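Hi,

Here is the structure I promised to pass on. Have a look at it first, and then read my notes below.

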Amino acid sequence: VGLINAGSSVSSSGEKETCIIASGNALETNDLWRQMLADCSSLPVILDSDSKEGTSRGAALLVAKALSQSAGTDYTDEESLSIKSRLEPNPNLDEYWIRKKHEQEGL
């Protein structure tokens, strides 16, 4: 089981972008699983080579965001990632995943 954390990274053009930061043995060792996540979410999936405790990291980021909101400040996630792997969504599969989402919602 792995952690899937919505985060942000800096793209090659220097802009911040939303991405999925994946960690955990299953996600770290299975490129196909990460590619499926990228395809069905339409977001890049990044494997951070420095992340050993992904669950703790994700929980800490959520706490930091909640505390900043309750204090009336704007939390910005400026953590740097050491990208081990980055998988981009396949745009040719967008229609397939949209159709599957609608099928699932109809159950």
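The accessible surface of the chain comes to about 7,200 Å², and 54% of that belongs to carbon and sulfur atoms. Keep in mind that this is a predicted model. Of the 107 residues in the chain, 29% are buried. You'll find 4 helices and 4 strands, and from the N terminus on they run β-β-α-α-β-α-β-α. If you take the contacts between residues at least 6 apart in sequence, 60% of them join residues at least 24 apart.

At its start, a side-chain oxygen of Asn 30 reaches to within 3.1 Å of the backbone nitrogen of Leu 32. Leu 32 sits in H2, which covers residues 31–41, and is exposed because its relative accessible area is 59%, over the 50% cut-off. Together with Trp 33 and Met 36, Leu 32 forms a nonpolar patch on the surface, with about 310 Å² of accessible area for the three together.

H2 has buried residues too: Arg 34, Leu 37, Ala 38 and Asp 39. Arg 34 has a relative accessible area of 2%, so it counts as buried. Arg 34 also makes a salt bridge with Asp 31, with the closest N and O atoms 2.4 Å apart. Both of them lie in H2, 3 residues apart, which is about one turn of the helix.

What Asp 39 does have is a polar contact of 2.9 Å with the side chain of Gln 35. Setting aside neighbours within four places in sequence, Asp 39 is in contact with Glu 88, Pro 89, Asn 90, Leu 93 and Trp 97.

That brings us to another part of the chain. The C-alpha atoms of Asp 39 and Asn 92 are separated by 9.1 Å, although the two residues are 53 apart along the chain. Asn 92 is in the loop between strand E4 (83–87) and helix H4 (94–105). With a relative accessible area of 71%, Asn 92 is exposed.

Ser 42 lies in the loop between H2 and strand E3 (45–48) and is partly exposed, at 43% relative accessible area.

Last, the salt bridges: the count comes to 3. Glu 88 is partly exposed at 41% relative accessibility, and Arg 86 is partly exposed at 30%. Glu 103 pairs with Lys 100, with 3.3 Å between the closest N and O atoms. Those two lie 3 residues apart in helix H4, about one turn. Glu 103 is partly exposed at 42%, as is Lys 100 at 31%.

Cheers

Methods: Residues are numbered from 1 along each chain as its sequence is written. This is a predicted model: local features need pLDDT of at least 70, side-chain atom pairs count only at pLDDT 80 or more; totals for chains, interfaces and linings use all residues. Side-chain values use heavy atoms; hydrogens and water are left out. Patches are made of residues with over 30% relative accessible area and no salt bridge: like charges are joined within 9 Å, nonpolar side chains (Val, Leu, Ile, Met, Phe, Trp, Tyr) within 5 Å. Accessible areas come from the Shrake-Rupley method with a 1.4 Å probe; for residues, only the protein chains shown count as cover. A salt bridge is a side-chain nitrogen of Lys or Arg within 4 Å of a carboxyl oxygen of Asp or Glu. Buried means under 20% relative accessible area, exposed over 50%, partly exposed in between (1.4 Å probe, protein chains only). A polar contact is a pair of N or O atoms within 3.5 Å; within protein, one must be able to donate a hydrogen and the other to accept it, and residues adjacent in sequence count only if both atoms are side-chain atoms. Contact means heavy atoms within 4.5 Å.
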